[in-house]
Amino acid sequence: MKTLGLKRIGAAGGAVLMATLALTACSSSGGKSTGGGGGGKITMGFAQVGAESGWRTANTKSIQQSAKDAGITLKFSDAQGKQENQIKAIRSYIQQKVDVIAFSPVVETGWDAVLQEAKRAKIPVILTDRAVKVSDPSLYETFLGSDFVKEGRLVGEWLVQNASTADVNGDGNINVVQIEGTTGSAPAIDRKTGFENAIKTDSKIKVIASQTGDFTRDGGKQVMETFLKTQKNIDVLFAHNDDEGLGALEAIKAAGKTPGKDIKIMTIDAVHDGLTALSKGEFNFVAECSPLLGPQLMDLAKQVVDGKKVPKRVVTTETTFTQESATKALPTRKY
């Protein structure tokens, strides 16, 4: 997930991509540290997917601040949503002999070769936020992030439970349009799977159109504009992240409809803007996907550099929001 600030790098290309942000001044001995437990300093290379949403901006800030707090030197790159940029960044980190590499993959596939290079260099790799599909699971140490299938399932279950109020057009059917995340990305694939499996329990609920909005607000607006022109009797929108939903909300208003009433809206992420829309009744339901992974990532980094065994999968703890709970949460929301 999650549409999902520090936005994309442009034609400055490699120079900007490889620019690093040193958050603490420290060095590693012989290219390898003895890790947090051994008293040595750790250098982490982090390849961020981009800055496509408010969620991603909060995620980047959490990683940067947590590295500083943990005394870890962070070399940071922004891939602008392009896999080739992430691969270049990871290879640069290998050449620099960092102690650990972490990244949030743009898409699930196509990582075997570069991860093999990291393994040969004996540099452990941690996945954050998004998973990969590789032929050899030993190519990465652990995956820290949300359960995207569960997030989609929770949205679908809410719709099934509230089906009586979701038939906005009163024709006996609940017509759903879906704005997917980036094509090929783990959250887009898994959220769609979880949602569509959940709604199978109610034959009245049908997805009548589904298209990618690339986890962006502009993408969500453009896709919703298309749906409003091409689809009849839309009852419900499921957007794969808040930013897509917020963009779609603009399109719905521009079409003279009332979001949250004329078209029910469900999203995932629970960033501040998303919860604000929910508290106003413009969204109807939001499943949380926390971007604040920094502290857990730094703890895992110290463990793997020390050679300690860590769980292959670390799932973050999250919740869901309705209008009432969103209103209560907003005053203390950190992102």
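Where is N233 found? The close-up views below, taken from a predicted model, include that residue.

**View 1. N233 lies in the loop between helix 8 and strand 8.** Phi of N233 is near 55°, a positive value in a residue other than glycine. Most residues other than glycine have a negative phi. N233 has a relative accessible area of 42%. This value falls between 20% and 50%, so N233 counts as partly exposed.

**View 2. K122 sits in the loop between helix 4 (112–120) and strand 4 (125–128).** K122 is not a glycine, yet its phi is positive, at about 60°. Is K122 buried or exposed? With a relative accessible area of 70%, K122 is exposed, because the cut-off for that class is over 50%.

**View 3. The largest nonpolar core holds 26 residues.** Which members touch the most others? They are I179, M224, F227, L237, L275 and F283. Two or more residues each come from strand 6 (174–180), helix 8 (217–230), strand 8 (236–239), helix 9 (242–254), helix 10 (272–279) and helix 12 (323–329). Helix 9 gives the largest share of this core, five residues. In soluble globular proteins, nonpolar side chains tend to be buried together.

**View 4. F283 and its contacts beyond four places in sequence.** A second, separate core has 23 residues, including A58, V236, I268 and C289.

**View 5. Helix 5 (residues 148–161) crosses helix 7 (residues 186–198) at roughly 35°.** The two axes come within 6 Å. The crossing is right-handed. From helix 5, the residues that meet helix 7 are F148, V149, E151, G152, R153, V155, G156, E157, L159 and V160. Helix 7 brings A186, P187, D190, R191, G194, F195 and A198. How many residues of this contact are nonpolar, polar and charged? Nine are nonpolar, three polar and five charged.

**View 6. G40 lies in the loop between helix 1 (14–17) and strand 1 (42–48).** G40 and D306 are 266 residues apart in sequence. In space, their C-alpha atoms are 9.8 Å apart. G40 counts as partly exposed, because its relative accessibility is 25%.

View 7. Buried residues make up 54% of its 335 residues. The accessible surface comes to about 13,700 Å². Carbon and sulfur atoms account for 49% of that surface.

Terms used: Residues are numbered from 1 along each chain as its sequence is written. This is a predicted model: local features need pLDDT of at least 70, side-chain atom pairs count only at pLDDT 80 or more; totals for chains, interfaces and linings use all residues. Side-chain values use heavy atoms; hydrogens and water are left out. Buried means under 20% relative accessible area, exposed over 50%, partly exposed in between (1.4 Å probe, protein chains only). Accessible areas come from the Shrake-Rupley method with a 1.4 Å probe; for residues, only the protein chains shown count as cover. A nonpolar core is a set of buried Ala, Val, Leu, Ile, Met, Phe, Trp, Tyr and Cys residues joined through side-chain atoms within 4.5 Å. Helices (H or I, at least four residues) and strands (E, at least two) are DSSP runs, numbered from the N terminus. Contact means heavy atoms within 4.5 Å. Axes are lines fitted to C-alpha atoms, for helices over the stretch in contact, and angles run from 0 to 180 degrees between N-to-C directions. A crossing is left-handed if the near helix is turned anticlockwise from the far one by less than a right angle, and right-handed if clockwise. Ala, Val, Leu, Ile, Met, Phe, Trp, Tyr, Cys and Pro count as nonpolar, Asp, Glu, Lys and Arg as charged, and the others, Gly among them, as polar.
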